[in-house]
Amino acid sequence: MAALMGSLVPELQRLLEKDPYLAPFEQDFQRRYGIFHHILKSVEESEGGLDKFTKSYLTFGVNRFVDGGIYCKEWAPGAEAVFLTGDFNNWNPFSHPYKKMDFGKWELFIPPGPDGFSPVSHGSKLKVVIRTRSGEVLYRISPWARYVAREGTNVNYDWIFWDPPNPYRRRHPVPKKPKSLRIYESHVGIASPEGKIASYKNFTHNVLPKVKDLGYNCIQLMAVMEHAYYASFGYQITSFFAASSRYGPPDDLKELIDVAHSMGITVLLDVVHSHASKNSEDGLNNFDGTDNAFFHSGTRGVHALWDSRLFDYANWEVLRFLLSNLRWWIEEYAFDGFRFDGVSSMLYHHHGIGEGFSGDYNEYFGMHVDEDALAYLVMANYMIHFLHPECITVAEDVSGMPALCCPVKEGGCGFDYRLAMAVPDKWIQIIKELKDEDWDMGNIVFTLTNRRYGEKYIAYAESHDQALVGDKTLAFRLMDAEMYNYMSVLTPLTPIIDRGIQIHKMIRLITHALGGEGYLNFMGNEFGHPEWLDFPRKGNNESYHYARRQFHLADDQLLRYRFLNDFDRDMNKLEEIFGWLSSPPAYISEKHESNKVIAFERANLLFIFNFHPSKSYADYRVGTEKPGKFKIVLDSDAPEYGGHNRLDHNTEFFTQNYSHNNRPNSLLQPRSLNESDGQPRGQLHTYFLEVSSV
């Protein structure tokens, strides 16, 4: 097969030049590309092209024609008969039968009424009725349903035909793709200090202005795709084309995205195509009475840890469904791209369960790789970037699959970014297991810079994963119970609170500046949100106490949370000016173990970190590439960030023609204002801007 393909991948040699260790796996890349190419060619030949194929939501499900007539189409290969019922026919289950088509498809046309009005009105309830081959009658929600809602105390969701007479019209242009991606990971439902499910409207009016003020240029919305179980954090999807109704109607989400665009904020959807909920009454599972319509049958179709269904990515109609789903969120709601959840689970037949992923390249090639799922991801990225070049895709992959973020034409998967998932794990491990004096500077630098050449990474110190019940945020790990009593400026600054505030800032800055080509923060963590996240469930008496974000803590001038909030804001805004995330990787000139000092240059800035728990340094020499005059532009020890004000910000520093640490020039860091005060950390956490040459 590989011999027949020849040089099928157009620019494979470019990939192999970047990473010669991939050369033994050239045939694997050829084969994988061949699968993708075959799918793409088949779409062009059999489906009228990629554009038509990926807009199948215009014909599948229930759609209104211009003349008011209703056209319905479903894929139910295991059904003996299919019907449509609902308010429109007084719930007569068999009065409107579908016509059987080829390949397991069924269609129904309901003509308009004599007055030209649609026979199915906006807001009316519907069900697809499936008669199975065994004679069982099932009531189902269409997989293509665009709006579902749960009424009152009902357990299951209802399918509601959504066709408003005056749908939302966008008012603002889509912002350009940001060069430096600063992501504010968000969950609409918890985006309020109140103990309830917050709304799209609340996020639009109360959270978006905060995001803008903090200097983030992108929000990543979690838990938008409809999920029956709120406590799943949005990762057990039941209706893939429906925006969650628990936060409000679809138009409110469209307004949220439109207003974000007016602020220059890009909006990504946390898309879950790695698995689906096991629900059958209001989900995809057993839609046509069989277990293999959308999913693999038997044990292969069930995720052992997540207790959810696994898609059959080799199935043509599954490809139609998932690719159209991506297109729907882009074109109907104006999302600017996606963060693909659970990519590691998709890539391997073992789903990453029990795998350590040592980095041996044999782990990424062979029979254990699900190349059908890989081909789907390549198709998804190809489609998104071909039809919407401005869109952004991010992969959540813990395995380290090579070429995940390389172009499709090079044999890559086509993602724009991948999450640097080793970074938060490293910070947790350091804080949990090591004394301050045992922090390994070389290991910190290695973890932050250990990424594949030519692939862009989103760095983060913590995400929603670390905030969930059973885990702890960085702030809570650092300060724990003392956050309850000593975060007021009217109370004594205890050593634990002082240490926690200083380390929190330093971890986030060094991750931001050194860890990748993008940065992510989970909402509330910018100001050290206390405690953890826990959604209402039986185990906590359905409480919303921990399913909220207490933004008011950062607004209170008498609380120390504002120091962390303001530092996060100024860190982002400085990146906006100098663009280190879109600059080449940093040059690290120093990682001194005994001094606990890390120094590096990136984007015309010199970053210096002192992680020593007790020592300040005076006249500390640091190497630099360019000669010139430097001044302090951000200092974690500044009083406005809860620091001890030990550096004179009015001082200008001139380089000397004196090589140091393999840099041709060097300068002496500023003398501490109080060199022997013994305060913990942050003494030398500064960086400098070169403003002129000398």
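How do the axes of helix H11 and helix H14 cross, and within what distance do they come?

I'm in a predicted model, where local features need pLDDT of at least 70, side-chain atom pairs count only at pLDDT 80 or more, and totals for chains, interfaces and linings use all residues. Residues are numbered from 1 along each chain as its sequence is written, and side-chain values use heavy atoms, with hydrogens and water left out.

**Helix pair.** I looked up H11 (residues 441–449) and H14 (residues 495–514): their axes come within 9 Å and cross at roughly 45°. Helices here are DSSP runs of H or I, at least four residues, and strands are E runs of at least two, numbered from the N terminus. Axes are lines fitted to C-alpha atoms, for helices over the stretch in contact, with angles from 0 to 180 degrees between N-to-C directions. On the H11 side I find Val445, Leu448 and Thr449 in the contact, and on the H14 side Ile510, Thr511 and Leu514; contact means heavy atoms within 4.5 Å.

**Lys105.** I find Lys105 in strand E5 (residues 105–110). Is Lys105 buried or exposed? Lys105 is buried, at 11% relative accessible area (buried is under 20%, exposed over 50%, partly exposed in between, with a 1.4 Å probe and protein chains only). Skipping neighbours within four places in sequence, I noted its contacts, among them Glu74, Glu317 and Arg320.

**Barrel.** I traced a closed barrel of eight strands, E10-E11-E14-E17-E18-E19-E20-E21, with parallel pairing; strands pair if DSSP finds at least two bridges between them. E10 (residues 181–187) and E11 (residues 218–222) pair in the parallel sense over five bridges. His187 has Met222 in E11 as its bridge partner.
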